Amino acid sequence: MTIRYEAEQKLFHLQAGESSYVMHILPSGHLAHVYWGSRLRHVKAEHRLRPVSRAFSPNPDPSDESFSLDTTPLEYPAYGNSDFRQPAYQVQLSNGSTLTDLRYVSHSIRPGKPKLEGLPATYVESDEEADTLEIRMEDKLSGLQVTLSYTAYARWNAVTRSARFVNAGEQKLRLLRALSMSVDLEHDQFELLHLSGAWARERYIERGPLRSGTQSVESRRGASSHQHNPFVALLASGADEDHGEVYGFSLVYSGNFTASAEVDQFHTTRLSMGINPFDFTWVLDPGEAFQTPEAVMVYSSTGLTGMSHTYHELYRTRLCRGTFRDRSRPVLINNWEATYFNFTADKIEEIAAAGAELGIELFVLDDGWFGKRDDDSTSLGDWTVDRRKLPHGLEDLAERVTRRGMQFGLWFEPEMISPDSDLYREHPDWCLHVPDRPRTVARHQLVLDLSRQEVCDYLVETVSRVLASAPIAYVKWDMNRHMTEVGSARLEPRRQRETAHRYMLGLYDVMERITASFPNVLFESCSGGGGRFDPGILHYMPQTWTSDNTDAVSRLKIQYGTSLVYPVSAMGAHVSAVPNHQLHRTTSLQMRGDVAMSGNFGYELDLTTFSTEERELAKRQVADYKELREFVQYGRFYRLISPFEGQDTAWMFVSPDQSEVLACSFRVLAEPNAPLQRLRLKGLNPSLDYREVDTGEVYGGDELMHAGISLPRAKGDFQSCLFSFRAVV
Ligand code: DGJ
């Protein structure tokens, strides 16, 4: 059992892995937060909660001046009845008031973890893996019922949370805010870490001390976005990569989100996360329910490494699903940067043939194969083959590729519609729009209204038809703009502010139906690169195109930042041509390969232009990757040197049994007369000896970790070096 209820002191004690998360039902019926940190055998609420009378902190019970919600650490706070901090939820009643007051009614604890209806979430494979606690709260006056769900995993320091709202009263309610979680930590000695960026610069690490007031990251773009990832961490004083207490918060959602840290007047910290309340309202008529997405909270006493390892294992094995969850991911060649829209079937076959010679396993035909799409101004929505480019259709092309010994994959951008398309001419109201307002285009396209059932059905049908028409083994599911004029022709006026979330529910439904119907297709999501690299999408598609930026130097920061939360098996990484198409920087094929081999490896250039030497090197890279990929994709990943701190970057992979090791070191700019450098490895077995594969030199595991290996002196800019070790048996 990972969860117990101590009836005498009305205390819930969740023991997730090596952590404890504790709550207490106050005499008032409010739910107080008691403790979250290293695992405790037992704890007393009165040791932790210290009611004191404070000026300007009002008292709901006039006879008890020491009790104010403003000074109490709470689990799912409201606003308006003495707590002035950020509320977790807010509901408007039919009389216009926004006051509700949730009090404890009952609870249940059960083995396992139920599904979240219509939403992506972590799961269990057997009931022994976790317990779930459901706490039912009620606002008597309005009939609003809220069930707070907590799952504690036995194997990981991970607690998942969500809330379900039910209108059990007789009046119409409006949900103005419905976050997934809120927690009050008893001090403010934290740094806030989050992942921010832009297109081609995704998930750069930002880190700084908390200050009085509120710091937040959010998306209002209708997608989790390149700009901010739905993840934040609090690092207690002194915490770093390997030491100290870190609290991670990750939202399993792909739309608008908020994550905020509020430091109050008494220097406590309230961390809350969920759907962004900005431009969100959900109508709850009598009998209706609303389910929030899931937040995954991870505690680590071993710094960021411990936190990342928990997210990696949990997300790889209990968030991702399907045939490819545990299967080696193929080495691929994608034609996008090789040809863009300008290709013929013969050209594609030539690239595929060149790829087959190198040992590449999958050819991916990117944008431009349908409608009349010679550039990005047309045809999204018209998913019929462009016979000018592929006169004998997809089936013929797929067969030509397959005959070369490779699998065939295809690009789609199902969620979009070009104003210049047959679909738009037939259904001009199928896109998100607001009556009488202009429709803002981005990349010449509009967003389909996935809050509408018939649009979702159309997508499932059309994409499925193409997938069934040819031997297609892989799909790249792209999405290349954010939402504007967020309104739906199908929703009544009072429900217009539900559109963005209904879109996400529609998208998840479409993804669920298509991926379930094609279990042997490997799906990779993409949104202008990594604009929707989030746990929500990973539930349906086990890998994501990490960034449109394929420059090896830029990728160091992008892949390093992404690794804070997401497993390596989720990251697509390709070698592209030089000068690089995004940065115009020239790096060696060696370095481009070494960086890309730290993810799901592939190429994205015209392989037919390779010189003999380049072909030889690429052949070696593919062969090496096939040897290493099992533990690159599924082993433990350790960050060694951060690209955000200087010219050097290093990281490494260790197989689950610690017998295989790959350490990767990169240098961006050379320095004159630089010091000699050593690289200390992590995660090895100190009692084993390891042989370096290239040199045959034998080192102790303890030596590699504590004394390190010598790095070669960098000669020139943009250098990389891989070290492979095998345990000596
Ligand atoms: C954006 C993606 O990120 C690229 O890889 C490519 O697929 C283009 N879209 C195609 O339009």
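How many nonpolar, polar and charged residues make up the lining of the second largest cavity? By class, that lining has 7 nonpolar, 5 polar and 2 charged residues. (Ala, Val, Leu, Ile, Met, Phe, Trp, Tyr, Cys and Pro count as nonpolar, Asp, Glu, Lys and Arg as charged, and the others, Gly among them, as polar.)

This is a predicted model, in which local features need pLDDT of at least 70, side-chain atom pairs count only at pLDDT 80 or more, and totals for chains, interfaces and linings use all residues. Residues are numbered from 1 along each chain as its sequence is written, and side-chain values use heavy atoms, with hydrogens and water left out.

**Cavities and pockets**

On a 1 Å grid over the protein atoms alone, a cavity is a set of points where a 1.4 Å probe fits but cannot get out. A pocket is an open set with protein on both sides within 12 Å along at least five of seven lines. Lining residues have an atom within 4 Å of a point. A volume is the space filled by probe spheres set on the points, which are joined across faces, edges and corners.

The structure holds 5 cavities of 30 Å³ or more.

| Space | Volume | Lining |
|---|---|---|
| Largest cavity | about 140 Å³ | 14 residues |
| Second largest cavity | about 80 Å³ | 14 residues |
| Largest pocket | about 860 Å³ | 35 residues |
| Second largest pocket | about 720 Å³ | 31 residues |

Nearest the centre of the largest cavity lie His 30, Tyr 76, Pro 77, Ala 78 and Leu 102. In the second largest cavity, helix α8 (residues 499-517) gives the largest share of the lining, 3 residues. Helices (H or I, at least four residues) and strands (E, at least two) are DSSP runs, numbered from the N terminus.

β4 gives the most to the lining of the largest pocket, with 5 residues. That lining divides into 14 nonpolar, 10 polar and 11 charged residues. For the second largest pocket, α8 supplies the largest share of the lining, 7 residues. Leu 505 is among the residues nearest the centre of this pocket.

**A helix pair**

The axes of helix α10 (residues 552-562) and helix α11 (residues 589-596) come within 9 Å and cross at roughly 15 degrees. That makes α10 roughly parallel to α11 (angles under 35 degrees count as roughly parallel). Axes are lines fitted to C-alpha atoms, for helices over the stretch in contact, and angles run from 0 to 180 degrees between N-to-C directions. Contact means heavy atoms within 4.5 Å. Ala 552, Val 553, Arg 555, Leu 556 and Gln 559 of α10 make the contact with Met 591, Arg 592 and Val 595 of α11.

Conventions
Parallel < 35°, antiparallel > 145°, perpendicular 65-115°, else oblique.
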